[in-house]
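Hello,

Here is the structure I said I would pass on. My notes on it follow below.

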Amino acid sequence: MIYAIDSNIISYFLKKDEIIRNKIRTEIENDNYFIIPPIVYFEVKRWLVLKQANAQMREFERLCEKITIGEMNRFIWEKAIEIYVSTRKTGNVIDDSDVFIAAFCIVNDCELVTNNLRHFECIKDLKYINWKC
């Protein structure tokens, strides 16, 4: 299994949430793979820099040494456009960052780990799971 981690899950991790930390540890022990979508990396790091959260920044950097940070490519951009158009046509307005996260996950066949199911439930073909429930 390949899990893509949403920014809210990384936030729980940085706040030392034991549910999230144990779940990540267990999944790594079960040989599952984690990836951070590049938009999530941007969201988390910009916030840590802005807040000068140095201890959390070090923790995030340690996490990024163990988990791959994904890259954007043309296929992801094209999928993001498709998601944007299809959700707008159905009356669902989704933040661009969430559109890119979903596109990244679909193109890379990842399951998104998030606590914001409401942001993603209208996106066709996206696999997601909530580890906080």
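This is a predicted model: local features need pLDDT of at least 70, side-chain atom pairs count only at pLDDT 80 or more; totals for chains, interfaces and linings use all residues.

C110 is in no disulfide, and the nearest cysteine sulfur, that of C105, is 5.2 Å away. A disulfide needs two cysteine sulfur atoms within 2.5 Å. For C64, the closest cysteine sulfur is the one in C110, and at 15 Å it is too far for a bond. Both residues are buried: C64 has a relative accessible area of 16%, and C110 has a relative accessibility of 2%.

Next, the strands. Strand 1 (2-5) pairs with strand 2 (residues 33-36) in the parallel sense, over three bridges. A4 has I35 of strand 2 as its bridge partner. Strand 2 is also joined to strand 3 (residues 68-69) by two bridges, and these strands too run parallel. Here I36 has I69 of strand 3 as its bridge partner.

Last, a charged residue. D6 sits in the loop between strand 1 and helix 1 (7-14). Is D6 buried or exposed, and which side chain of opposite charge is nearest? D6 is buried, and the nearest such side chain is that of R46, 10 Å away. D6 has no salt bridge; that would take a side-chain nitrogen of Lys or Arg within 4 Å of a carboxyl oxygen. Apart from neighbours within four places in sequence, the contacts of D6 include V40, E43, I101, L112 and N116.

Regards

Conventions: Residues are numbered from 1 along each chain as its sequence is written. Side-chain values use heavy atoms; hydrogens and water are left out. Buried means under 20% relative accessible area, exposed over 50%, partly exposed in between (1.4 Å probe, protein chains only). Helices (H or I, at least four residues) and strands (E, at least two) are DSSP runs, numbered from the N terminus. Lys and Arg count as positive and Asp and Glu as negative; His and the chain ends are not counted. Contact means heavy atoms within 4.5 Å. Two strands pair if DSSP finds at least two bridges between them.
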